[in-house]
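Please look over the sequence and the structure shown below. The paragraphs after them go through the chain as a whole, two ligand shells and two individual residues.

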Amino acid sequence: MNERRKLVLIGNGMAGVRAVEHVRKLAPDAYDITIFGAEPHPNYNRIMLSSVLAGGADMKDIVLNDWDWYRENGIRLHAGHTVVKIDTRGRKVVSDRGVEAEYDALVIATGSDPFMLPLPGADKQGVIAFRDIKDCETMLEASKTYKKAAVIGGGLLGLEAARGLLHLGMDVSVIHIHHYLMERQLDETAAKMLQRELEAQGMTFLLRKQTEAIVGKKRVKGLRFADGSEIEADLVVMAVGIRPNVGLAKAAGIEVNRGIVVDDFMETSVPGVYAVGECAEHRGIAYGLVAPLYEQGAVLAKRLAGVATDGYKGSVTSTKLKVSGVDVFSGGQYDEPPGTRSLRYQDEVDGVYKKIVLAGDKLVGAVLFGDTSDGAKLFSLIRSGESVAGKEKELLLGLSFDKAGGTSPAARLAAMADDEIVCGCNGVSKSAIAEAIRSKGCATVGDIKACTKASGSCGGCKPLVEGLLGLYAGDAAAAPVKEGICGCTPLGRDEIVAEIGRMGLKTVKETMHVLGWRQEEGCSKCRPALNYYLGMLWPEEYVDEKESRFANERYHANIQKDGTYSVVPRIYGGVTSPSELKKIAEVAEKYDVPMVKITGGQRIDLLGVKKEDLPAMWAELDMPSGYAYGKALRTVKTCVGSTFCRFGTQDSIAMGIRLEKTFERLNTPAKVKLAVSGCPRNCAEATIKDFGVVAIDGGWELHVGGNGGVHVRATDLLCTVKTEDEVVEWAGSFLQYYRENANWNERTSVWVERVGLDAVKKALERKEDRLALVERIETTLRRTTDPWKDIIGSEELRKNFEPLSEPQTV
Ligand SMILES: Cc1cc2nc3c(=O)[nH]c(=O)nc-3n(C[C@H](O)[C@H](O)[C@H](O)COP(=O)(O)OP(=O)(O)OC[C@H]3O[C@@H](n4cnc5c(N)ncnc54)[C@H](O)[C@@H]3O)c2cc1C
Ligand SMILES: NC(=O)c1ccc[n+]([C@@H]2O[C@H](COP(=O)([O-])OP(=O)(O)OC[C@H]3O[C@@H](n4cnc5c(N)ncnc54)[C@H](O)[C@@H]3O)[C@@H](O)[C@H]2O)c1
Ligand code: SF4
Ligand code: FES
C-alpha cells in the first residue's frame, strides 16, 4: 500500500478547512493531515460573528467542525499555534510553541488581518477590530460597562458591527470617510436609502470624516477628526478593510504581491506550496467573501487529490448586508463605468430601489434595496453572461411584480430556473436543493445544510431554502420513496456505478466518503456490493478488499452449520480421472473428512473440514478451487454428449470443459452456473442454468436467465449459433454484460426478468459490441489467480486459518 503523503494546512479558518473537507472526500487515504490554527478554537463560521453580536446566534452555534470532527477524520490539529516559519527547502513548518511538521504539500490559508489605522492612540484599551471570536467577546463584554461606541468604516463589516452594538444597547456612531456608505458595493441612491433606514434604527452617521487621533488616557475616551471636531467613545471598532496575511509566506521567499500570488491551481511560486482564501491573490485579485474562497478550495482539493480540474478562473461576486430589517443586495458591476447602460426603479414610498447594469446585451451588475428577492436570479444571469436582450425591463421590475400586483413567494420560487444559485456562499443551485428534498430525504433546513451546505455560511439564503422546502416537501411525501442499495445511502446501484466511474473513485472507503454515506463504515449489504462494483469497473488496478466479503469468500470454503467447512475442488465439466479420485480419497481419509458427496453440479464435496486443516488439504489435493462458496462461476455441468451417447449431436463435454476453463475464477454479481447438453433431450438441465447451451443439428442453442432454486425459472432462448467459438464469444459477452449491469447479489434469472430479454439481446446483437464485452471480460480474467494456491504460498494468509482467528462478522 502507498504511504500517505503529508499535508499541512496553516490556518484553521473557513477557506482552508473547507478545502481539507473536500480533500478528505475525494481522497480519504491520500494524506496524513496536520492543521495549525492561531486561534484556540476549532474551525468556526466567522461570518456569523455579526449574528452573534446582533443576537441572532449563539457562540456555540457557529462551530463548523467541532473537536470530534478532527479526531474522527484523523486530522492532527494544533489549535492555538501560530506558524512562525516555513522552511521550503526542508519542507517543514514551525509553530511559535516549537512544534514542527514536515510536509509533502503545504496549504497556506492564513486569511487576512484587519487593517488598523495607524492613528495616534490606536493602542489604547477599547480600540479593537472585528475579525474573530475574541473581538466579538470584547464587544459583548464592553457593552455591559460602556455606553458609547464608535465604528470607523461604513462598509459591510462596519455596519454589521454597528448593528450588533446597537442591539447590545450602545449608542453607535459610524464614521465614514466617503460621502456615502458602502461605496464599494452600492451607488449613492441605494446608500442614502440605506443610511435613512439605519438612522431610523438608531445609528448616527458622520460622513466625509477623517479620524486624526484616538483620545483618552489608558482607555479610549473619544475620537478627534481632521476638521477639528471630536466625539466621545469608550469603544472604538475599526472596520476599514482587510489586508491579506502574507508575512509568513513573504519571509519564506514565496512570491507575494497584495496577496500570496497563486496560479489557476492555487499553487504559489514554490512548487508544492499552495495558498487559498483571503491570503491568496489570483489574477491580481484577493477576495474577501466566502463564495470565491470556497470555489478556490474546491479546485485546490481536486489538485491535491489528483482529480482532473480546469482550474480556478476567478469569480464574479455578490454581497448582502446582514442587518435585520434592511435588505441590500449588490452583485457584479454596481457602478456604471463607460460602455455600460443602466435601468433604475425607485419607489420612495415603499423604500424600494433597483438598478441593473448592462454591457451590450448582457447583464453585468445589479443593486437592490428594499426588495432583494430577485437577487439570486439576477446574479445567475450576471454569472452566466447570457443575452438578456428584450428582457431588460422585465428583469428590472422583476418577478415580484405582475399585473395583478405581485406574485406569491411560492410562485416566484417555482418560476426560478433549475440552475439558479440559491445559496451564493456555497454555490448551491435550486435543483441541488430540490434533489436533496425529493431524493435524499431532507425534511428540514438543517438536513439541507448537512446535505448540500446551503444556508450554512451567511444564512442569507435561509428563507429561500425554507421556501423550497415548502414547495417540494409535498412532492417528497407523494413521490415513491427512492430506495438506495441499503440504509446507508439513498443512491441506487446505477447512480453509484456511474459516480464511481465519473469521479474515478478507487476504494470502498473513498466511495462512501465522496458519495456521502450516512454510516461511515457502511453495512454488510453495501460493503460487498461496492467491493464488487469497484472490482468490475477497475479490473486492472482494484485490490479486492477481503474485509468487505462474506466469511465464505474470505475463507474460500463454505461454512457449514456446525462451523466446519467444505472443500470442493474444480472438476472441469464434471469429468475426473482415477488418479484424481485417488488423491481426493486419500486426502479425505487423512483429514478424517466425515462426508464425501457428489453435488448437483457434478462435483465432489468434502464436508465437515476443520478450518485449520483447509490450507494443508488444498496443498495436498493440488487442484484448483471449485469456487463453490463464491459469487462467481461455479460449475459447468455436462452430459456425455456425442462422445458416448447415441443421441448426441455435439461434443458437450469438450464444450463444457472449454467454457469452464475459459471463465473459471470469474467474479460475478451473484453465483453463476452453466450447463451444456449434447442434444435437445437436455440431460444436463441446461434450461435452468444462468447460461445454458443445448446442442442441435449443426449448431447450438444458447439459453439465459434460468434458475433451479427456490424460484424455478426456465431460460429464455438468446440465440442459435453454429460454432464452438461463437458459443464462447456469446457466453463471454453475456456474462460481462451481466457483470456490468446487474445489481450485486442479483441472479441472472431476476436480472433478465427485470431488464427484459430484448434489452439483453439488443446489447449483444452487434458483433463489435460483443467483442468489446469479451475484451473487457478477458482483462478481468487475466488478473485472476487461484485463491487456494495464493493461500498455500503465503505465510501471512495462512495465519488467518489458525484456530484463534475466528471471523468476527459473517
Ligand atoms: C464579522 C464578519 C462577517 C463576515 N460576513 C461575511 C458574509 O456575510 N459573507 C461573506 O462571504 N464573507 C463574510 N465575511 C468574510 C469571511 O468571513 C472571510 O472571507 C473568510 O472567513 C475568509 O476565510 P479564510 O480562511 O481565508 O480566512 P479566515 O477565516 O480568517 O482564517 C484564517 C485563519 O488562519 C489563522 N492564521 C493566520 N496566520 C496564521 C499562522 N501563521 N499560523 C496559524 N494560523 C494562522 C487565523 O487565526 C485564522 O483563524 C465576514 C467576515 C467577518 C469578520
Ligand atoms: N455581509 C458581508 O458580505 C460581509 C460582512 C462583513 C464583512 N465582510 C467582508 O469582510 C471584509 C472586511 O469588511 P470591511 O467592511 O472592513 O471592508 P471594506 O473594504 O469592504 O470596507 C471598508 C470601508 O471603510 C471605509 N474606510 C476606509 N478608511 C476609512 C477611514 N480612515 N475612516 C472611515 N472609513 C474608512 C471605506 O471607505 C470602506 O467603505 C471584506 O472583505 C468584506 O467583504 C462581508
Ligand atoms: S442430452 Fe442428449 S446427448 Fe446428452 S446425454 Fe442426454 S441424450 Fe445424450
Ligand atoms: S447565501 Fe450565504 S449561506 Fe447561502
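What follows describes a predicted model, beginning with the overall chain and then turning to local sites.

The chain has 810 residues, and 51% of them are buried. Its secondary structure consists of 27 helices and 36 strands. Taking the contacts between residues at least 6 apart in sequence, 62% connect residues that are at least 24 apart. The accessible surface of the chain amounts to about 36,500 Å², and carbon and sulfur atoms account for 50% of that area.

The next site is ligand 1. Its surroundings comprise 32 residues, and the closest of these are Ala15, Glu39, Arg131, Glu278 and Lys322. Sorted by class, this shell holds 15 nonpolar, 12 polar and 5 charged residues. At the level of domains, at least three shell residues come from domain 1 (5-111 + 244-305), and at least three come from domain 2 (127-240).

In the side chain of Glu39, an N or O atom is 2.7 Å from an oxygen atom of the ligand. For Ala38 the backbone is involved: one of its N or O atoms lies 3.0 Å from a nitrogen atom of ligand 1. Gly288 also takes part through its backbone, with an N or O atom 3.5 Å from an oxygen atom of ligand 1. On its own, ligand 1 has 990 Å² of accessible area, and the protein covers 91% of this.

Ligand 3 has a shell made up of Cys639, Val640, Gly641, Cys645, Phe647, Gly648, Gly678, Cys679, Arg681, Asn682 and Cys683. By class, these residues divide into 6 nonpolar, 4 polar and 1 charged.

Two single residues complete the tour. Lys147 sits in the loop that runs between helix 4 (133-145) and strand 10 (148-152). Is Lys147 buried, exposed or partly exposed, and what is its relative accessible area? The relative accessible area of Lys147 is 45%, so this residue is partly exposed, given that buried means under 20% and exposed means over 50%. Leaving out residues up to four places away in sequence, Lys147 touches Gly169, Met170, Asp171 and Asp234. Asp171 is 24 residues from Lys147 along the chain, and the C-alpha atoms of the two are separated by 6.1 Å.

The other residue, Thr779, belongs to helix 25 (residues 767-782). Why does Thr779 count as buried? Thr779 counts as buried because its relative accessibility is 14%, and the cut-off for buried is under 20%. The side chain of Thr779 makes a polar contact with the side chain of Arg782, at 3.4 Å. Beyond residues up to four places away in sequence, Thr779 touches Pro539 and Glu540.

Technical notes:
Residues are numbered from 1 along each chain as its sequence is written. Chains are lettered from A and ligands numbered from 1 in the order in which they are written. This is a predicted model: local features need pLDDT of at least 70, side-chain atom pairs count only at pLDDT 80 or more; totals for chains, interfaces and linings use all residues. Side-chain values use heavy atoms; hydrogens and water are left out. A residue is near a molecule or strand if one of its heavy atoms lies within 4 Å of it. A polar contact is a pair of N or O atoms within 3.5 Å; within protein, one must be able to donate a hydrogen and the other to accept it, and residues adjacent in sequence count only if both atoms are side-chain atoms. Accessible areas come from the Shrake-Rupley method with a 1.4 Å probe; for residues, only the protein chains shown count as cover. Ala, Val, Leu, Ile, Met, Phe, Trp, Tyr, Cys and Pro count as nonpolar, Asp, Glu, Lys and Arg as charged, and the others, Gly among them, as polar. Domain bounds come from an automatic or database domain assignment. Helices (H or I, at least four residues) and strands (E, at least two) are DSSP runs, numbered from the N terminus. Buried means under 20% relative accessible area, exposed over 50%, partly exposed in between (1.4 Å probe, protein chains only). Contact means heavy atoms within 4.5 Å.
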